[in-house]
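Q: Hi! I'm new to reading protein structures. Could you walk me through this one?

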Amino acid sequence: MKNCMRKKSILIAILLLFSGISTLNAQWKVINSGTTLNLNSIYFTSSNTGWIVGDGGTILQKTENTWKSVKSPTGENLYSVFFTSQYKGWAVGSKGTILKYNGSEWELCESPAKSDLRSVSFADTDNGIAAGKNGTILTYSHGTWARAGKKARGDLFSVASINGNSWIAGSHEGVGVPVMKITDAKGEMTESTLGSYSSVFSISFVKENDGYAAASPGALLHFDGISWNKINTGYNFPSLTSVYFKDDKGIAAGYEGTVLIYSENTWKKESSITRQKLNGTFINENVFYTVGDCGTILVSDRSAEKQEVKSGKITGLTLYPNPCSDLLNISLPDGSYGNLKISITNPNGQLIISTVANGADYGMPVKLATGDLKEGLYILSIATGETTLSQRFMVKR
């Protein structure tokens, strides 16, 4: 706890020093959670309503723009949260803890398990599955939780339900990683191993033959309907603990603040703005979330990434020469713009320059002096009206 408090104080000091707000780089923001306890899972039921669960029975609810703590019926650690509707949700945690949200408050449910439950997922309102340590698998059907007919080997970390089937992933020392598919209609379990990976911490599906897994040591896996295979992202990163997909967008996060975003059929590693371990991920419309240790909540709104030319808004951004030495030209599409808010950050998210430039007229570039910048990589963000675009550039002499 003291370590979390110390790290959070340093983070707040950095925020105040560089910008006075919580933005650490052009895309990610740190949100005040009001707690220093570890946060483990996040789920949204609407554009403005979300839930987070964490250690010590922590439950946070987001309404509008604020996260607030709500009364919890347990002091056990909570590891996973899932909602089947805006008024019905579930959370599971240590020592077999199961909580149910009844539309107005959380209540403690009778559980047939004593081992830690690490993940919960529902196919619909009446059919769910939870899994955890020591191969524990529970199924929910029409109001009752019960042990599954078969017990898996090893510890289980993640469950996902899709098209009447349930997928479970975990670890089993010495024999590779078990990834199991349970056909709910028959109750049959098919188990496969994934070679040298020691653990699979999280799985998420776009559709039945299109799934992703976060594995250890640092790897992302893809399921093509037949087998699981490692994705060559081109990046090296620590082990990932969570992956989540929504339509054609994905997010993965894990140790040392690692965040990867999937967009336009490719994975991209984000600039790290925290060293905390990140435990849970979610995509709410075009807003990406990840939560982690010491009360960490990070958010990135990507809704303005692909703006079109309408009412004088920016749609493209060109920087030249790149690399530059003492002067950088900022070229915008033909049009007339008001004042431009320009900021430059380094790859660690530290704000280096913040200024306002006169609007550009009909393709004339805005000139920015870079003579005082050290050699290296920078990120320039330019905002006008409701639109913000970012581009990397290099200073080299």
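The chat below goes through some features of this structure.

A: Happy to! Keep in mind that this is a predicted model.

Q: Okay. How many helices and strands does the protein chain have?
A: The secondary structure comes to one helix and 35 strands.

Q: And what share of the residues is buried?
A: Of the 397 residues in the protein chain, 49% are buried.

Q: What about contacts between residues 24 or more positions apart? How much do they account for?
A: They make up 43% of the contacts in the protein chain with a separation of 6 or more.

Q: How many bridges join strand 6 to strand 7?
A: Six, and the two strands run antiparallel, with strand 7 covering residues 88-93. To find a spot on screen, look for F83, which stands opposite G89 in strand 7.

Q: Which strands make up the open sheet of three?
A: That one has the order 29-30-33, with antiparallel pairing. Its edges are strand 29 and strand 33 (366-369); each has a single partner strand, so one side of each lacks a neighbour in the sheet. Here the twist averages 25° from one strand to the next.

Q: How many bridges are there between strand 29 and strand 30?
A: Three bridges, in the antiparallel sense, with strand 30 spanning residues 327-331. L319 has I330 in strand 30 as its bridge partner.

Q: New topic: rings! How many aromatic pairs are there?
A: A search of the whole structure finds 34 aromatic pairs. One of them is W51 with Y101, a tilted pair at 4.8 Å centre to centre, with 55° between the planes.

Q: Where do W51 and Y101 lie?
A: W51 is in strand 3 (residues 49-54) and Y101 is in strand 8 (residues 98-101), so the pair ties together parts that are 50 residues apart in sequence.

Q: Are W51 and Y101 buried or exposed?
A: W51 is buried, and Y101 is buried too. Another tilted pair is F223 and W228, at 5.1 Å centre to centre and 35° between the planes.

Q: How accessible are F223 and W228, then?
A: F223 has a relative accessible area of 6%, so it is buried. W228 has 10% relative accessibility, so it counts as buried.

Q: Which charged residues sit over rings?
A: Two examples: K277 lies over the face of Y255, 5.4 Å from the ring centre. The charged end of R302 sits over the ring of F288, 5.4 Å from its centre.

Q: Tell me about R302. Where is it?
A: R302 lies in the loop between strand 28 (296-301) and strand 29 (318-320). Its relative accessible area is 10%, so R302 is buried.

Q: What polar contacts does the side chain of R302 make?
A: One joins it to the side chain of E270, at 2.4 Å. Another is with the side chain of S300, at 2.5 Å. Not counting residues up to four places away in sequence, R302 touches Q27, W28, I261, E270, N286 and F288.

Q: Last one: where is G218, and is it buried, exposed or partly exposed?
A: G218 is in the loop between strand 19 (210-216) and strand 20 (219-223). At 24% relative accessibility, it counts as partly exposed.

Q: And what does G218 contact?
A: Leaving aside neighbours within four places in sequence, G218 is in contact with F237, P238 and S239. As for S199, it is 19 residues from G218 in sequence, and the two are 10.0 Å apart in space, C-alpha to C-alpha.

Conventions
Residues are numbered from 1 along each chain as its sequence is written. This is a predicted model: local features need pLDDT of at least 70, side-chain atom pairs count only at pLDDT 80 or more; totals for chains, interfaces and linings use all residues. Side-chain values use heavy atoms; hydrogens and water are left out. Two strands pair if DSSP finds at least two bridges between them. Helices (H or I, at least four residues) and strands (E, at least two) are DSSP runs, numbered from the N terminus. Rings of Phe, Tyr and Trp (its six-membered ring) pair if their centres lie within 6.5 Å; planes under 30 degrees apart count as stacked, over 60 as edge-to-face and the rest as tilted. Buried means under 20% relative accessible area, exposed over 50%, partly exposed in between (1.4 Å probe, protein chains only). A charge sits over a ring if NZ of Lys or CZ of Arg is within 6 Å of the ring centre and within 35 degrees of the ring normal. A polar contact is a pair of N or O atoms within 3.5 Å; within protein, one must be able to donate a hydrogen and the other to accept it, and residues adjacent in sequence count only if both atoms are side-chain atoms. Contact means heavy atoms within 4.5 Å. Axes are lines fitted to C-alpha atoms, for helices over the stretch in contact, and angles run from 0 to 180 degrees between N-to-C directions.
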